[in-house]
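Hello,

Here is the structure we spoke about.

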Amino acid sequence: MRADKPVSEPPTFPGRMSEPPTFPGRSWLLPSALLDPDPDPGRDPGDGRPGRRPGRTARDWVVDFTCFLLAVFIGLLGADTVRNETDLPQAFAVFDQVLGALACAAVWLRRRWPVGLAVAMVPVCFVSNTAGGAGLVALFTLTVHRPFRYVAWIGGASLVLNPLFFWLRPDPDISYLWAVFLSVLLTAAMVGWGMFVRAKRQLLLSFRDRARRAETEAALRAEQAQRLAREAIAREMHDVLAHRLTLLSVHAGALEFRPDAPRPEIVRAAGVIRESAHEALQDLREIIGVLRAGEPDDAGRPQPTLAALDTLVSECREAGMKVVLDQRVTDRAAVPTSAGRTAYRIAQECLTNARKHAPGAEVTVTVAGAPGDGLTVSVRNPAPPGEVPPVPGSGQGLIGLTERATLAGGHLDHGPEDGGGFGVRARLPWP
């Protein structure tokens with residue numbers, strides 16, 4: 001895993017979603033409802049309700065102006081029909097045309113109040129023949145921006161009133177049945193067109209939401225991968241360095257409290273300190289090298305296996321620990337590399353914990369197993385002979401050992417035993 005990152009990459013924050021690019025450079029071709037950067041998740045997609053309403057795009061202005069011209073054109077056709085109605089009073093004809101002009105002007109409010117405009121157009125269109133175009137535009141807008149239940153009620157009311165309207169005010173140019181049929185056909189065409197536009201808009205919104213979710217999931221996966229990598233690094237550094245540093249601490253403490261010790265013992269302790277410091281630096285350098293190069297864990301120096309357990313116990317005995325090693329493995333050379341390395345790390349961490357939490361107590365390390373039966377590692381120590389101050393940050397090593405054993409296909413149990421001691425038992429696969 002590399003820690004470097006391009007400087008030009010924008011920072012990301014957990015829990016926040018950045019807007020995926022949608023037709024970059026051509027946002028003016030899309031409706032404003034599709035460009036809302038932060039839509040309300042509780043509302044119907046593409047409903048155009050007021051609230052955080054984005055401004056009209058160039059496409060919206062063109063569509064609104066086209067709808068206005070369509071309403072005016074149909075209104076002019078209706079006005080010509082009104083002039084041909086010979087039995088219609090002149091005052092009512094003027095009222096019809098004024099009401100139609102107001103209805104055409106109200107088309108500009110269709111985005112803000114689609115339901116209100118459509119409801120108002122039902123009685124207006126029943127009274128005014130010139131308001132028919134505005135009524136069709138209002139019904140189309142309602143279909144685009146609202147669920148179908150609104151369209152069913154308002155459109156159904158309009159269809160019910162249309163036969164009555166043409167019965168009371170028959171068209172002088174066409175028959176009654178043709179007038180009703182054309183009215184129903186135009187209404188159905190507007191509803192169908194509006195449903196098509198709404199379906200296409202919701203499809204685009206669903207694509208945008210999927211892109212957002214995919215981006216969020218990718219960011220979460222990257223964050224989780226980084227967290228797991230950090231945990232793996234911390235666990236490896238803890239397993240590798242804790243043993244070396246505790247040996248340094250033990251021998252340095254012996255030199256500090258026994259300055260009058262014989263010279264051979266001082267020389268031996270200083271040699272152990274130097275060798276432990278050198279090994280700790282080598283291990284740390286190896287881990288940093290793996291991080292920089294992105295190489296696997298087994299690159300560089302050979303990783304310890306079960307055969308290195310004798311050396312580990314000898315180092316602990318030289319540091320003054322009482323360690324009993326009981327190996328009952330049929331063929332140590334046949335132990336799988338992964339199981340042997342895990343067994344070594346478990347014993348190493350347990351000896352380090354015993355040195356910190358139960359100084360002076362005798363530790364028993366038992367390793368047994370055979371092919372097909374599995375490999376078991378058991379580390380036990382009695383209660384310490386004296387009072388031991390609490391060590392900060394305890395328990396992290398055991399958590400790492402449990403994860404390591406699980407990754408190797410086994411399991412690990414640990415806990416206090418009768419008499420105040422502590423035991424760790426792990427079982428690893430050995431096919």
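**Aromatic pairs**

Phe92 and Phe95 both sit in helix 2, three residues apart, or about one turn of the helix. Helices (H or I, at least four residues) and strands (E, at least two) are DSSP runs, numbered from the N terminus. An α-helix has 3.6 residues a turn, so residues three or four places apart point the same way.

Some ground rules. This is a predicted model: local features need pLDDT of at least 70, side-chain atom pairs count only at pLDDT 80 or more, and totals for chains, interfaces and linings use all residues. Residues are numbered from 1 along each chain as its sequence is written, and side-chain values use heavy atoms, with hydrogens and water left out.

Back to the rings. Rings of Phe, Tyr and Trp (its six-membered ring) pair if their centres lie within 6.5 Å; planes under 30 degrees apart count as stacked, over 60 as edge-to-face and the rest as tilted. The structure holds six aromatic pairs. In one of them, the rings of Phe68 and Trp108 are tilted, because their planes meet at 35°, with 5.7 Å between centres. That pair links distant parts of the chain: Phe68 is in helix 1 (residues 58-84), and Trp108 is 40 residues away in the loop between helix 2 (90-106) and helix 3 (114-127). Phe68 is partly exposed at 22% relative accessible area, and Trp108 is partly exposed at 28%. Here buried means under 20% relative accessible area, exposed over 50%, and partly exposed in between (1.4 Å probe, protein chains only). Phe92 and Phe95 also form a tilted pair, 6.1 Å centre to centre with 50° between the planes. Both are partly exposed: Phe92 at 30%, Phe95 at 42%. Ring pairs also link Trp61, Phe65, Phe68 and Trp108 into a cluster.

**The sheet and its helices**

Five strands form an open sheet with mixed pairing, in the order 1-2-3-5-4. Two strands pair if DSSP finds at least two bridges between them. Strand 1 (322-329) and strand 4 (411-416) are the edges, each pairing on one side only. From one strand to the next the twist averages 10°. Strand 2 (residues 362-370) and strand 3 (residues 374-381) run antiparallel and are joined by seven bridges. Ala368 has Thr376 in strand 3 as its bridge partner.

Helix 8 (residues 309-318) packs on the sheet, touching strand 1 and strand 2, at about 170° to the direction of strand 1. Axes are lines fitted to C-alpha atoms, for helices over the stretch in contact (heavy atoms within 4.5 Å). Angles run from 0 to 180 degrees between N-to-C directions. Helix 9 (residues 337-357) lies across strands 1, 2, 3, 4 and 5 (422-428), at about 5° to strand 3. Of its 21 residues, 16 are buried.

**Helix 10**

Leu398 lies in helix 10 (residues 396-407). Leu398 is buried, at 13% relative accessibility. Beyond neighbours within four places in sequence, Leu398 contacts Asn353, His414, Phe422 and Val424. Its C-alpha is 8.8 Å from that of Ile346, 52 residues apart along the chain. Gly400 is also in helix 10, and is buried at 6%.

**Confidence**

pLDDT is the predictor's confidence in each residue, from 0 to 100. The mean is 77, and 79% of residues reach 70 or more. Residues 1-25 fall below 50, and residues 45-51 stay under 50.

Best wishes
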